[in-house]
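Have a look at it, and then we'll take it piece by piece.

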Amino acid sequence: MRIQGTKKTLAAGALAAMLAVAPAYGQEITIAIGSEPTTLDPQVRDDGGERAVNDNIYETLMARTANGELVPSLAEGPPTQVGGTTWEFKLRDGVKFHNGESFNADAVVFSVERIINPEFNSEQGSFFSTITGAAKVDDLTVRIETDGPDPILPTRMYWMKMVPPGQAADPGFADAPVGTGPYKFAGWNRGNDIVLEVNEGYWGDAPQVQKVTYRFIEESGTRLAGLLAGELDVITNLLPEFVGQVPQSANISGLELPIVILSSLGGSTADVRVRQALNYAVDKDALAESLFEGFAEVAEGQLLAPSFFGFNSDVQAYPYDPDKARALLDEAGAAGTEVELVGTSGRWLKDRELVEAVGAFWSDIGLNVNVRIFEFDEYLNRLFDRDTRADAIFVVSSNELLDADRPFSAYYHKGGIGASNEDDALAGLIDQARSETDVAKRSALYQQAVQIAYDQAYFLWLLNIEDIYGMSERMAWQPRVDAKLLVKEMRVDG
Amino acid sequence: MGRFMLKRLWHGLIVILGVTVIVFVVTRMVGDPVRVMLPLEATAEQRVAFEKRLGFDRSIPVQFAAYVGDLVRLDFGDSLWQRRPAMEIVFERLPLTLQLTAAGIILAIVLAIPLGIVAALRPGGLADRLTVTVSLLGLSVPQFWLGLLLIVVFAVQFRVLPTSGAASAKHIILPAVTLALPALARLVMLVRSSMIDELNQQYVKTASAKGMPFIRVVGMHALRNAAVPVVTLAGWELIRALAGYTVVVETVFAWPGLGLTAIQAIERQDLILLQAIVFTVAIMVVFINIAMDISYKMIDPRIRLA
């Protein structure tokens with residue numbers, strides 16, 4: 001009995017082997033992502049796995065070029081302001097959802113009202129907190145209302161995916177997405193894969209890749225093995241140390257910026273000279289080289305990458321100058337004082353290593369550094385503790401909208417959840433920028449804010465970590481600054 | 001037998017209840033799922049609204065009462081992370097873990113018995129020394145590393161097996177072997193030592209002396225007497241695999257079972273899903289223990305179940 005059973009298993013295995021070596025078509029690719037989406041409703045979660053898939057099924061009024069420039073997508077052109085709190089979008093004509101529904105003003109109004117409805121409780125709510133509603137003007141014109149002047153509304157609409165009003169009411173909508181994008185949903189085998197096929201009726205340029213399969217592989221070593229074994233064409237979050245092993249890799253300045261928040265509220269870091277010394281003490285180039293194998297750029301003294309809105313190109317990183325750091329400490333009478341440095345482990349790429357390296361640089365200039373690595377939950381207690389601020393808290397800011405508003409509100413503004421300063425001037429600039437609809441004026445406000453924070457050394461700005469992708473030999477693709485995996489931009493050779 | 005079963009089930013129930021209470025207390029004590037689920041930059045108002053939706057704004061005793069009520073109806077509520085019933089996720093993932101565990105443990109047992117017997121026949125001989133050495137290796141190798149090694153050799157170098165996933169029958173081979181190896185190593189050592197003990201007993205010499213074929217002496221008499229500790233260890237290995245090793249093996253091989261789901265639930269502080277998983281595993285452990293007790297009786301009728 002048992003022997004027979006074994007034979008059957010072997011036969012099944014042999015059959016599976018034959019199926020697996022069947023010739024693959026050139027225009028079918030497989031992409032590995034770190035985690036399986038929990039839903040394919042594009043408006044519910046704030047989840048990277050879901051975005052990786054839905055960015056190809058759904059579209060937004062505004063999009064970005066690979067370099068990060070905001071351009072119209074489902075909108076026909078850039079929106080115009082009608083009065084202080086209203087933005088008007090003209091819509092692209094003739095666009096249809098995959099199920100045949102027309103994309104029009106009704107669809108936009110429905111999508112906006114759906115995601116901002118408090119009952120809907122979207123995790124993306126924080127991206128759209130200023131929006132109060134939307135109204136149809138005519139079939140291809142729609143107005144979006146905000147609670148005050150909102151200069152980044154066009155940017156927000158880059159994040160809001162448009163859903164079909166008819167289909168979205170269907171209870172199965174979360175499992176069978178229907179968008180306007182270049183790819184349409186073909187199947188979801190839970191736990192194993194999601195398959196998309198090209199949308200023949202796509203309004204834009206026809207993509208080359210005909211079919212894409214997403215696999216969910218959490219363990220980075222396993223993703224690498226899948227690429228090396230020829231099972232995968234694109235893998236995300238390739239570790240810097242693996243770059244030499246893969247057939248092809250591509251890297252681009254990413255959305256993540258690790259910083260250390262320095263407290264000006266008390267303790268040894270209350271003196272600006274000490275905070276400046278902490279900046280001069282750290283060799284950021286060495287961190288980029290040794291921890292990230294060069295796949296990181298030194299952050300230019302601000303919580304922004306050059307492609308983000310509000311970047312101040314006049315501000316440059318504090319140079320590595322340990323002598324100057326020691327001199328500043330002596331001047332402040334702070335040589336040998338204790339500095340508490342709080343971090344966590346395993347949440348962000350090389351988080352523990354970064355914190356320990358920073359601690360070592362600080363010890364080198366004669367400080368008594370107390371490095372404390374907490375489990376993530378306890379770490380959050382420290383980060384969010386408004387009463388007693390640790391001298392220095394490591395955090396990684398991720399900037400999906402490529403705009404200064406969110407990170408500055410959270411870390412620069414004295415009322416932010418992770419701020420350790422009580423700088424009224426700085427907070428005033430950020431408040432002003434939030435409702436300044438003139439692009440040039442708004443940019444100038446952020447540049448002033450960047451300068452103040454830099455002079456006051458409210459942070460130790462470390463790096464801008466690059467995203468690294470591993471690719472099979474046959475792939476041709478240039479990654480994007482917004483980290484989106486747009487299959488329509490990928491090509492397969494041979 | 002009936003009384004015995006009732007008693008064991010009663011004990012099992014207490015164990016399961018104890019486990020669920022501990023899970024409730026520990027998960028409520030160690031963390032706040034709301035903070036982990038929302039982006040770091042979310043505002044205080046957004047956090048409060050989110051907390052309210054999840055019911056975490058209620059007091060702990062109220063939450064516990066609701067929890068016990070749900071438990072009685074076997075309804076753990078919706079997973080915080082996946083926003084669908086936690087038990088639905090468990091039932092979706094459990095079969096994959098059972099397949100993998102069954103394949104691994106059966107492989108370990110089927111190989112351990114002949115290898116252990118062969119080693120025991122000539123203690124100190126070549127086969128014995130080889131078996132002991134390989135077993136020690138199997139015990140010392142971290143499973144995580146072993147899994148990646150097998151992937152590199154069989155999937156990347158020779159390309160005979162897939163690296164990861166659960167799409168076809170041959171996807172199970174590498175994870176099952178990885179899961180089996182430490183269990184196999186321990187079982188071989190136990191079969192070997194038990195058989196050496198039994199083969200030195202007087203009844204083995206008597207049976208051989210009266211002309212019984214050696215293979216029957218080993219297979220019928222000695223093996224049967226050596227079986228009780230082996231069954232105990234096999235059951236223990238099964239429990240360890242279900243409640244522990246699958247977590248590592250499923251993560252390495254992206255095998256979408258309950259172990260991988262447990263890790264993901266922990267990373268996302270999904271208390272509800274974690275409770276459902278722990279509860280399910282606890283029930284399985286209780287039933288495996290009962291099955292082991294019954295099998296003792298079948299192997300050795302002299303054993304009294306009480």
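Chain A splits into domain 1 (28–39 + 181–247 + 472–494), domain 2 (59–175) and domain 3 (256–466), with bounds that come from an automatic or database domain assignment. Before going on, keep in mind that this is a predicted model, where local features need pLDDT of at least 70, side-chain atom pairs count only at pLDDT 80 or more, and totals for chains, interfaces and linings use all residues. Residues are numbered from 1 along each chain as its sequence is written, while chains are lettered from A and ligands numbered from 1 in the order in which they are written.

How far apart are the C-alpha centres of domain 2 and domain 3 of chain A? They lie 34 Å apart. Ten residues from domain 2 of chain A and ten residues from domain 3 of chain A make the contact (two residues are in contact if their C-beta atoms, placed from the backbone, lie within 7 Å). On the domain 2 side of chain A, that's five nonpolar, five polar and no charged residues. Here Ala, Val, Leu, Ile, Met, Phe, Trp, Tyr, Cys and Pro count as nonpolar, Asp, Glu, Lys and Arg as charged, and the others, Gly among them, as polar.

Next up is a sheet in chain A. Four strands form an open, antiparallel sheet in the order β4-β5-β7-β6; helices (H or I, at least four residues) and strands (E, at least two) are DSSP runs, numbered from the N terminus. Strands pair if DSSP finds at least two bridges between them. At the edges sit β4 (80–81) and β6 (131–138) of chain A, each pairing on one side only. Six bridges join β6(A) to β7 (residues 141–146) of chain A, and G133(A) stands opposite E145(A) in β7(A).

Now for a pair of helices. α12 (residues 405–412) and α13 (residues 424–434) of chain A pack at about 155°, their axes 10 Å apart. Axes are lines fitted to C-alpha atoms, for helices over the stretch in contact, and angles run from 0 to 180 degrees between N-to-C directions. So α12(A) and α13(A) are roughly antiparallel (an angle over 145 degrees). Among the residues making the contact are F408(A) of α12(A) and I430(A) of α13(A).

Finally, chain A meets chain B, with 39 residues from chain B and 34 residues from chain A in contact. α7(B) gives the most to the chain B side, with five residues.

Conventions:
Parallel < 35°, antiparallel > 145°, perpendicular 65-115°, else oblique.
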